[in-house]
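Good morning, and thank you for the time. I would like to go through one protein model, beginning with a helix on a sheet and ending with the domains.

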Amino acid sequence: MITKILGGGREVGRVGLFNKFDGIEFLVDYGFMPQEPPKYPIESPEIRNAFLTHAHIDHSGMMPWLCSRYNTNVFSTRLTAEIAEILYRDSLKLAYAKGRSFPYGENEVEIINDRFVYYEQNDRFLINDFEFHFHPAGHIPGSVLVEMVDSEVAFACDINTIDTNLVEGAKPVKCRTLFIEGTYAGVNHPDRDEMEKEFIDEIEDILKRGGKVIIPAFAVGRTQEIALILDRMGEEIWLDGMGYKISEIMLKYRQYIKNTDRLKKIFEEINFVYSGHGRKLALKSGLILTTSGMVNGGPVIWYIDKIKDDPKSAVIITGYQVEGTNGRMLLENREIDLYGIKTKVNCKVKYYDFSAHAGHNELLKFIKGCSPENVVLFHSENPEKLAEEIDFAEVYIPENGEEIKI
Ligand SMILES: [Zn+2]
Ligand SMILES: [Zn+2]
């Protein structure tokens with residue numbers, strides 16, 4: 001097989017893996033990096049079939065462009081497709097608001113809706129007589145690991161192997177060649193249970209002292225996971241941004257969520273912000289879960305502006321912040337781009353690693369469990385950290401634009 005890396009080579013985000021086998025060509029994921037301005041992958045050659053492993057924009061974002069150009073079929077779960085559509089429309093809205101050009105418009109989003117071919121987790125199906133198998137990827141609800149059965153190739157684009165509150169962890173898939181993300185190469189996650197406890201204790205402390213807690217969280221996956229944790233506190237929770245709509249969609253697909261009934265109850269009781277007035281009420285109440293997860297826009301900016309100089313209040317980051325995002329700047333330099341102006345943030349800034357990605361040791365264990373002969377590492381800023389420990393297989397760390405032959 002030959003694989004060309006269109007994006008995600010030695011970087012986290014904008015994944016695109018273009019694969020050529022005897023008798024079939026297909027693309028796995030095609031996304032852009034959601035920063036300002038976005039970073040796009042290399043232009044894909046004409047392609048008939050593509051797989052979309054999950055809805056996150058760094059994997060899905062360029063699919064409408066692809067479909068409208070080449071009439072590509074996009075194989076994904078129904079939940080992934082439904083969430084992706086919302087993210088496409090949101091990306092368009094953001095581009096219009098910022099007054100910058102974008103690779104596609106509303107029309108292309110309509111086109112992709114007709115190009116999706118749905119299969120669910122654990123389904124096996126044929127394309128050009130090649131058998132494919134969708135395995136649960138444990139990353140977010142509806143996410144899959146794609147196995148090409150006869151060729152013994154597996155694509156693990158964003159996986160988690162531990163059980164979280166929202167989804168169950170992924171199990172290894174025996175294969176000869178494994179493509180796998182390495183977002184957390186070289187970094188181990190803290191113990192999840194302990195961290196959840198610390199997180200809750202800290203929030204309770206801040207609220208008790210009269211401070212406000214702003215929790216930026218990705219609408220897809222993180223918002224639901226954090227809501228399931230916050231629920232244990234019994235405090236009033238306010239939700240602002242896209243997380244509510246996404247949760248409603250997820251709740252239609254019970255099979256992909258571990259605690260559906262609890263999640264349903266939480267979202268029936270949560271205080272959702274509909275208006276500017278609601279935003280003031282939310283701030284007064286003090287515990288707010290909001291988008292965007294990397295602080296690159298959305299209602300979170302308004303809230304940070306309001307609390308940034310209050311030493312009693314805190315912004316609590318709950319996930320990986322890509323280089324070049326406001327969230328990364330906030331963590332590293334205690335400042336953000338606030339309506340176009342670099343602004344110091346003087347309130348507390350905390351980081352809790354509620355990742356939906358496997359940590360270093362988990363990745364290694366998962367890779368061993370797949371017993372591959374070849375491992376291709378992508379979607380990683382530090383792939384060498386993982387490569388150093390893989391002495392049982394040939395390791396490839398391709399650059400963007402590189403073609404590897406296995
Ligand atoms: Zn993802
Ligand atoms: Zn990703």
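Helix H12 (residues 360-370) lies across strand S10 (153-156), strand S11 (177-181) and strand S20 (374-378), and runs at about 165° to S11. Helices (H or I, at least four residues) and strands (E, at least two) are DSSP runs, numbered from the N terminus. Axes are lines fitted to C-alpha atoms, for helices over the stretch in contact, and angles run from 0 to 180 degrees between N-to-C directions. Two residues are in contact if their C-beta atoms, placed from the backbone, lie within 7 Å.

This is a predicted model, in which local features need pLDDT of at least 70 and side-chain atom pairs count only at pLDDT 80 or more, while totals for chains, interfaces and linings use all residues. Residues are numbered from 1 along each chain as its sequence is written, and chains are lettered from A and ligands numbered from 1 in the order in which they are written.

Now the sheet. Its 7 strands form an open sheet with mixed pairing, in the order S7-S8-S9-S10-S11-S20-S21; two strands pair if DSSP finds at least two bridges between them. S7 and strand S21 (394-396) are the edge strands, each pairing on one side only. On average, neighbouring strands of this sheet are turned by 20° against each other, direction ignored.

Ile127 stands opposite Phe130 in S8. S8 is also joined to S9 (residues 144-148) by 5 bridges, again antiparallel, and His133 stands opposite Glu147 in S9.

Next, a helix pair. How do H2 and H4 pack? Helix H2 (residues 63-70) and helix H4 (residues 106-115) pack at an angle of about 80°, with their axes 8 Å apart. They are therefore roughly perpendicular to each other, a term for angles of 65 to 115 degrees. Among the residues making the contact are Trp65 of H2 and Ile111 of H4.

Finally, the domains, whose bounds come from an automatic or database domain assignment. Domain 1 covers 2-187 + 356-405, and domain 2 covers 192-351. Their contact takes 25 residues from domain 1 and 24 residues from domain 2. The centres of the two domains, taken over C-alpha atoms, are separated by 27 Å.

How values were computed. Angles under 35 degrees count as roughly parallel, over 145 as roughly antiparallel, 65 to 115 as roughly perpendicular and the rest as oblique.
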